[in-house]
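Colleague: I'd like to learn how to read the features of a model like this one. Could you take me through it?

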Amino acid sequence: MTPEEVAVLVDLLGEPTAVTYAPPNVYPMSAPAFREAADLDRPPRRGAPVGVYAHVPFCNYKCSFCFYVTRPVPAGDEMARYVAALERELEGVPEGTPLTQAYVGGGTPTALPPDLLDRLLASVFARVRRDPEGEVHTVECSPESLTDAHVEVLRRRGVERVSMGVQTNDPGVLEATRRRHDEGQVRAACERLVSAGFVVNVDLIYGLPGQTEAGFRRDFETVAGHGVHSLTCYNLRVNEHTPIARRLSEAERFDAVRLVRWREVAQAAARDAGFAQTRWHTFRRVRPETAQGAAARFRDVTGWGDQWSVGVSARSRLDDVVYRNSKDPETYVARVEAGRTPVEEVHPLSDAERRLRFVGLTLGDGWPLVRADYEAAFQTAFDDDFGAAISRLAEAGVVADEGERVTLTDKGRLVYDLATRAFYPESVRRRMDERQALAATAPNLRPMR
Ligand SMILES: C[S@@+](CC[C@H](N)C(=O)[O-])C[C@H]1O[C@@H](n2cnc3c(N)ncnc32)[C@H](O)[C@@H]1O
Ligand code: SF4
């Protein structure tokens with residue numbers, strides 16, 4: 001897109017925000033508004049299908065861009081105590097509950113020693129009923145932490161997909177972001193996972209300090225050459241509390257033109273390597289042999305339906321209420337050990353928010369938005385709720401309105417996050433503006449003198 005074309009979209013959709021949290025289609029995490037609710041019990045599950053997320057906060061280092069709740073790998077028995085707390089929290093899922101999807105993330109689950117990872121996975125799968133033809137279960141890892149013993153545990157416990165954070169192979173950018181792995185470890189980890197038969201995804205980030213377009217393209221090509229099934233390319237999301245906010249030069253911060261430019265670079269790198277865009281940020285290998293088995297079945301459904309999430313800072317979503325566990329690891333473990341609920345915050349989703357989530361998750365995940373599906377879910381006419389927004393987006397060439405369904409166009413895929421904001425209710429937009437104004441005063445976001 002030319003800068004002039006981007007300017008037209010900015011007039012309609014606004015500039016990217018300086019501070020972003022979760023990807024914008026993952027509402028309400030993209031605009032969090034929890035209220036305190038210490039000691040709130042989650043409603044008991046009564047056999048309805050549920051997704052399970054387990055958060056492992058340990059990492060071998062703290063990346064300068066990362067805003068997840070993490071902590072350095074501790075000495076002593078802290079990891080074993082933490083896993084025991086997760087096991088206890090998992091008891092909230094009644095035996096025989098049908099499992100929609102399991103996702104073990106972090107942090108870095110493979111920072112756990114293999115025996116503890118084994119215990120955790122055994123507990124995740126112990127009580128639920130798995131459908132062998134159903135959703136594909138994922139564990140996250142990092143290149144330097146993955147060993148043969150971890151791979152064996154993942155295989156034995158029936159995990160089918162592994163998602164590995166790489167971000168970049170460029171030694172200067174790795175150093176600037178405080179990551180401690182190198183290209184050889186990335187290659188070895190990819191080859192180990194691919195040859196063991198997992199569906200393998202690798203995460204890259206663009207817009208990191210000192211990163212060049214040519215460097216990003218090289219990273220994509222190199223990782224694709226290791227045989228992985230998909231690459232997920234995130235734009236750097238800047239949180240005002242992370243050290244990276246201070247390291248970025250003015251010229252590195254995203255305005256709409258730079259953001260679109262980076263996304264075009266990612267699309268071109270993917271195309272050249274034989275990958276097609278599926279979700280807004282994910283590219284999947286096109287070659288036929290990967291369109292089989294678990295690789296073809298995989299969809300991220302963690303945003304849909306009920307979700308029982310365990311661990312520090314984990315967010316459960318049950319009957320359209322979002323519960324957030326304590327963000328402090330010691331408090332989390334102490335509460336669970338004492339038999340108390342770890343929940344500290346809550347956010348019931350309003351009707352408007354539930355509708356926004358539906359639209360954001362559908363379009364954001366690259367699916368067509370079918371008017372009849374919306375109307376069946378909410379018993380209300382889609383156009384009464386979003387007709388005006390859709391007309392504006394269609395006029396700007398961001399979505400294609402085909403009557404029965406609405407899809408993002410190629411142009412729309414480049415600005416999917418700005419486009420998603422067009423569906424946010426006025427009250428949420430106001431809240432986001434207030435949060436932006438507050439973030440702008442944070443020391444890390446003020447220019448250094
Ligand atoms: C929780 S990490 C899991 C992988 C593992 N801990 C690692 O980093 O190797 C999940 C992914 O979130 C992405 N991520 C973390 N912080 C981010 C940020 N500030 N902006 C964009 N993506 C980010 C990274 O791509 C990372 O791989
Ligand atoms: S990006 Fe991954 S390895 Fe780095 S601190 Fe965050 S969770 Fe840990």
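Colleague: Which residues are closest to ligand 1?

Modeller: A residue is near a molecule if one of its heavy atoms lies within 4 Å of it. Here 19 residues surround ligand 1, and the closest are Gly106, Gln167, Arg179, Asp203 and Arg237. Before we go on, a word on conventions: this is a predicted model, in which local features need pLDDT of at least 70 and side-chain atom pairs count only at pLDDT 80 or more, while totals for chains, interfaces and linings use all residues. Residues are numbered from 1 along each chain as its sequence is written, chains are lettered from A and ligands numbered from 1 in the order in which they are written, and side-chain values use heavy atoms, with hydrogens and water left out.

Colleague: Which polar atoms lie 2.8 Å or 3.0 Å from ligand 1?

Modeller: A polar contact is a pair of N or O atoms within 3.5 Å; within protein, one must be able to donate a hydrogen and the other to accept it, and residues adjacent in sequence count only if both atoms are side-chain atoms. The side chain of Asp203 has an N or O atom 2.8 Å from an oxygen atom of ligand 1. A polar backbone atom of Arg237 lies 2.8 Å from a nitrogen atom of the ligand, and a polar side-chain atom of Thr108 is 3.0 Å from a ligand nitrogen atom.

Colleague: How much of the accessible area of ligand 1 does the protein cover?

Modeller: Accessible areas come from the Shrake-Rupley method with a 1.4 Å probe; for residues, only the protein chains shown count as cover. On its own, ligand 1 has 560 Å² of accessible area, and the protein covers 95% of that.

Colleague: Which elements give two or more residues to the shell around ligand 1?

Modeller: Helices (H or I, at least four residues) and strands (E, at least two) are DSSP runs, numbered from the N terminus. The elements in question are strand 7 (138–141), strand 8 (161–167), strand 9 (199–206) and strand 10 (230–235).

Colleague: Is the peptide bond from Gly106 to Gly107 cis or trans?

Modeller: That peptide bond is cis, with omega near 20°. Gly107 sits in the loop between strand 5 (97–106) and helix 3 (114–126).

Colleague: Let's turn to Thr168. Is Thr168 buried or exposed?

Modeller: Buried means under 20% relative accessible area, exposed over 50%, and partly exposed in between (1.4 Å probe, protein chains only). Thr168 counts as buried because its relative accessibility is 1%. You will find Thr168 in the loop between strand 8 and helix 5 (171–176). Its side chain reaches the backbone nitrogen of Asp170 at 2.9 Å, and a polar contact of 2.8 Å joins the side chains of Thr168 and Asp219.

Colleague: Which residues of helix 1 are buried?

Modeller: In helix 1 (residues 3–13), they are Val6, Leu9, Val10 and Leu13. These residues cover an arc of only 105° around the axis, so they lie on the same side of helix 1; the arc is that of the directions from the helix axis to the C-beta atoms. The face turned away from that buried side carries the exposed residues Glu4, Val8 and Asp11.

Colleague: And what do the buried residues of helix 1 pack against?

Modeller: Contact means heavy atoms within 4.5 Å. The buried residues pack against helix 9 (256–272), helix 14 (382–395), helix 15 (410–414) and helix 16 (416–421). After helix 1 comes Gly14, with a positive phi near 90°.

Colleague: Which residues touch the most other members of the largest nonpolar core?

Modeller: A nonpolar core is a set of buried Ala, Val, Leu, Ile, Met, Phe, Trp, Tyr and Cys residues joined through side-chain atoms within 4.5 Å. The largest has 88 residues, of which Leu112, Leu120, Leu121, Phe216, Phe220 and Leu236 touch the most other members. A second, separate core of 41 residues includes Met29, Phe34, Leu393 and Phe423.

Colleague: What is the phi of Ser313 and of Asp320?

Modeller: Ser313 is not a glycine, yet its phi is positive, about 65°. Ser313 is buried, with a relative accessible area of 8%, in the loop between strand 13 (307–310) and strand 14 (315–318). Asp320, not a glycine either, has a positive phi of about 65°. Asp320 counts as partly exposed at 33% relative accessibility, and lies in the loop between strand 14 and strand 15 (321–325).
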